[in-house]
Amino acid sequence: RIVYVNGEFLPEEDAKISIFDRGFLMADGVYEVTSVLNGKLVDYDGHLTRLERSLTALDMPEPEGMDALLEIHRELVKRNNLKEGGVYLQITRGAADRDFLYPEHPKPSLVMFTLAMTLKKSPKAEKGLKIISIEDQRWGRRDIKTVQLLYPSMGKMMAKDAGADDAWMVEDGFVTEGTSNNAYIVTRAGTIVTRQLSNDILHGITRAAVLRFAREAQMQVEERPFTMDEAKDAAEAFITSATTFVTGVVEIDGVTLGDGAPGPVSRRLREIYIEEAE
Ligand code: PDD
């Protein structure tokens, strides 16, 4: 793979970052994953806008190369001949002597690489996902897309150990979101329910697009918290993210939803999302 590090395109084995980088020492960094379908970036502007919001929220200056970000994305896709997958981008506050205080003159790092993935014909999306619930033990600014991913990682391991595909996190009795995706249910009356935007969840770029498509298709949408009991009793459930698009959930804490296959609402939204992305 050819990767991008602070102004240079290099073979991945030649790319280097300091051991004093605050991303490494303190998880002082933010990231984005933009999907690529048929060699084209999906919803690039949305990801850029959220990246800028994350930087502002952490008082992190823009790294060099920020004005050429779109070209760097395109160049990486081209050099790696990527047809389907994603571009990972990470900005950290850069290297400085270890100190909790931010350095006075930070030199932020920008790292990017491609990830080849099967997104459209994903076997997981055809079968549907098994989900378990876990307590949400993350910090309180989940709207900032930081590289502090240890708890989501632990959550995915707990799901794997329980024979499931992923976990939904619960706080004060209500589902916040999935470990790396936004969470939805479809009630028996056909209403799509997903938690409203706040600091409690990441403001998914796929979420924004999917809710827009749902409303355009005259589907009922409610943005409010829901409980695990409501989820287990739902007609269907699904998740959204850049790397899963819309993927049906077929089992929640051991309870099968509907006939155990992805439901019609999530299948229709997945179709619309892919049509619009292509
Ligand atoms: N994760 N919620 C969380 C906690 C996430 O980590 C993500 C994305 C989402 C969905 O956001 P979007 O639709 O913008 O991808 C929601 C990425 C894909 C990841 O960490 O790999």
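The legends below describe close-up views of a predicted model of a protein chain with a ligand.

Residues are numbered from 1 along each chain as its sequence is written. Because the model is predicted, local features need pLDDT of at least 70 and side-chain atom pairs count only at pLDDT 80 or more, while totals for chains, interfaces and linings use all residues.

View 1. The protein chain is divided into domain 1 (2-116) and domain 2 (123-277), with bounds that come from an automatic or database domain assignment. The centres of the two domains, taken over C-alpha atoms, are separated by 26 Å. Domain 1 brings 20 residues to the contact and domain 2 brings 12 residues, where two residues are in contact if their C-beta atoms, placed from the backbone, lie within 7 Å. On the side of domain 1 that touches domain 2, two or more residues come from each of β3 (29-37), α2 (44-57) and β5 (85-92), and β3 gives the most, with eight residues. Here and below, helices (H or I, at least four residues) and strands (E, at least two) are DSSP runs, numbered from the N terminus. This side of domain 1 is made up of eight nonpolar, nine polar and three charged residues; Ala, Val, Leu, Ile, Met, Phe, Trp, Tyr, Cys and Pro count as nonpolar, Asp, Glu, Lys and Arg as charged, and the others, Gly among them, as polar.

**View 2. The shell around the ligand.** Of the 14 residues around the ligand, those that come nearest are Leu 202, Gly 204, Ile 205, Thr 206 and Ala 242, a residue being near if its C-beta atom, placed from the backbone, lies within 6 Å of the molecule. Helix α6 and strand β13 (236-241) each supply at least two residues of this shell, and α6 gives the most, with three residues. The shell divides into four nonpolar, eight polar and two charged residues.

**View 3. Helix α6.** The 12 residues of α6 (residues 205-216) should span 16 Å at 1.5 Å a residue, and its end C-alpha atoms are 17 Å apart, which agrees; the expected span is 1.5 Å times one less than the number of residues. The buried residues in α6 are Ile 205, Thr 206, Arg 207, Ala 209, Val 210, Leu 211 and Ala 214. A residue is buried if 20 or more other C-beta atoms lie within 10 Å of its own, exposed if 12 or fewer, and partly exposed in between, with C-beta atoms placed from the backbone. Just after α6, Gln 218 takes a positive phi of about 65°.

**View 4. Helix α8 and its buried face.** In α8 (residues 264-277), Val 265, Ser 266, Leu 269 and Arg 270 are buried. Seen down the helix axis, these buried residues fall within an arc of 130°, so they line one face of α8; the arc is that of the directions from the axis to the C-beta atoms. The buried residues of α8 pack against several elements, including α4 (123-127), α6 and β14 (245-252).

**View 5. Two loop residues with positive phi.** Asn 38, in the loop between β3 and β4 (40-41), has a positive phi of about 50° although it is not a glycine. Asn 38 is exposed, with 10 other C-beta atoms within 10 Å. Asp 59, in the loop between α2 and α3, also is not a glycine and has a positive phi of about 55°. With 9 C-beta neighbours inside 10 Å, Asp 59 counts as exposed.
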